[in-house]
Amino acid sequence: MRTAFVFQGGGSIAATQVGMLRALTKAGIRPDLVVGCSAGAINAVGFALEPTLDGIERLETLWRSVKRKSVFPVSAWTLAHALIGRAGGVSSHKALRRLLERELGDAYLDRLVLPAHVVATDVASGDPVVLSEGPTVRALLATTALPGVFPPVDVGGTLLYDGGIAAATPVLQTDALGAEVSYVLPSLGQSAPESVPRGAAPVVLRALSQLLGHASLTAIAGAHHEVRMLPAPSLETANLFDFRDTPALIEEGERLVSAWLDDQAAAGDRHPSRIPARADTDRRRRVVGRAIPSGLRPWAAKATAR
């Protein structure tokens, strides 16, 4: 059965996916491909480069080394240029590019141990675009280019930015890539509806949680393969641009998914988070869209069966 790991975005909170990967790998669950958007794409590619416990350890070391200024450096000069329209964002890609090049070198998406697919958003049309070939670092810079923070990235003549805008949970793209079962690694769980957030950061987190939750339900409803949504921490105080909680997030991600796997095994693989494939259409679907350079695969809302 062709299995995919699907990674949501979420800024610094995506660190929780490192712990999820460790729990899945320890349980012997191995993917045939990985698909990710935004910060989750960094985890997808890092795992695809070395899909072992040692590789996950390396990915954890990367996350633990990250500070806000090493990813989102903002100066008065860049802020002023962004405000007067002379820069595409309040920060540049330079710091993040150095970090990614240090870890990934000149790796190409189609030459990793596992096939890796990075989902970004076409600035012009708003459509999801799947990058499956070409330089890994450039693809990651494109999918993590949060509008207003980083400028869009030109890939093959197409301007791209954050993949979470068009495909926060890219299971439809995974569908088109031929997956038969997907494990979705979220970054943020649903908050208790009775709790009311107070303060700017908690309100942003609640909005992100609701956005990802609704986007996930919509995407999963349209998927034609089996989707398994893993549990994620419900956070009230974390900051998407603050990496000080990274160790705790990784630990909590592993704990939650390990418990989920234990429950699944005890229930004879009949877990409520297991969402069966739709039966009204063939699972394998082809992407339909305009012709653009090799490695860029536009996802149109209308897909037709092979």
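Phe5, Phe47, Tyr183 and Trp260 form one aromatic cluster. The model is predicted, so local features need pLDDT of at least 70 and side-chain atom pairs count only at pLDDT 80 or more, while totals for chains, interfaces and linings use all residues. Residues are numbered from 1 along each chain as its sequence is written, and side-chain values use heavy atoms, with hydrogens and water left out.

Start with the rings. A pair of aromatic rings is described by the distance of the centres and the angle of the planes. Here rings of Phe, Tyr and Trp (its six-membered ring) pair if their centres lie within 6.5 Å; planes under 30 degrees apart are stacked, over 60 edge-to-face, and the rest tilted. The count by this rule is four aromatic pairs. Phenylalanine 5 and phenylalanine 47 make a stacked pair, with 6.0 Å centre to centre and 25° between the planes. Phenylalanine 5 lies in strand S1 (residues 3-7) and phenylalanine 47 in helix H2 (residues 38-49), 42 residues apart. Helices (H or I, at least four residues) and strands (E, at least two) are DSSP runs, numbered from the N terminus.

Buried means under 20% relative accessible area, exposed over 50%, and partly exposed in between (1.4 Å probe, protein chains only).

Another pair is tilted: tryptophan 63 and phenylalanine 243, at 6.2 Å centre to centre and 40° between the planes. Tryptophan 63 sits in helix H3 (residues 53-65) and phenylalanine 243 in the loop between strand S8 (226-229) and helix H9 (246-266), so this pair ties together parts 180 residues apart in sequence. Both tryptophan 63 and phenylalanine 243 are buried.

Now the core. In soluble globular proteins, nonpolar side chains tend to be buried together. A nonpolar core is a set of buried Ala, Val, Leu, Ile, Met, Phe, Trp, Tyr and Cys residues joined through side-chain atoms within 4.5 Å. The largest one has 55 residues, and Phe5, Leu24, Val34, Leu131 and Leu185 have the most contacts inside it. H2 gives the largest share of this core, seven residues. A second, separate core of nine residues includes Ala4, Leu33, Ala167 and Ala179.

Next, a strand. Pro128 and Val130 on one side of S4 (residues 128-131), and Val129 and Leu131 on the other, are all buried. Strand S3 (residues 116-122) runs antiparallel to S4, and four bridges join them. Strands pair if DSSP finds at least two bridges between them. Alanine 120 has valine 129 in S4 as its bridge partner.

Last come the charges. Side chains of opposite charge can pair when their charged atoms come close. A salt bridge is a side-chain nitrogen of Lys or Arg within 4 Å of a carboxyl oxygen of Asp or Glu. By this rule there are 10 salt bridges. In one of them, the closest N and O atoms of arginine 22 and glutamate 60 are 2.5 Å apart. Arginine 22 is in helix H1 (residues 16-26) and glutamate 60 in helix H3, 38 residues apart. Both arginine 22 and glutamate 60 are buried.

Lysine 26 bridges to glutamate 254, at 3.1 Å between the closest N and O atoms. This links helix H1 to helix H9, 228 residues apart. Lysine 26 is exposed at 56%, whereas glutamate 254 is buried at 18%. Arg22, Lys26, Glu57, Glu60, Arg64 and Glu254 are linked in a network of salt bridges.
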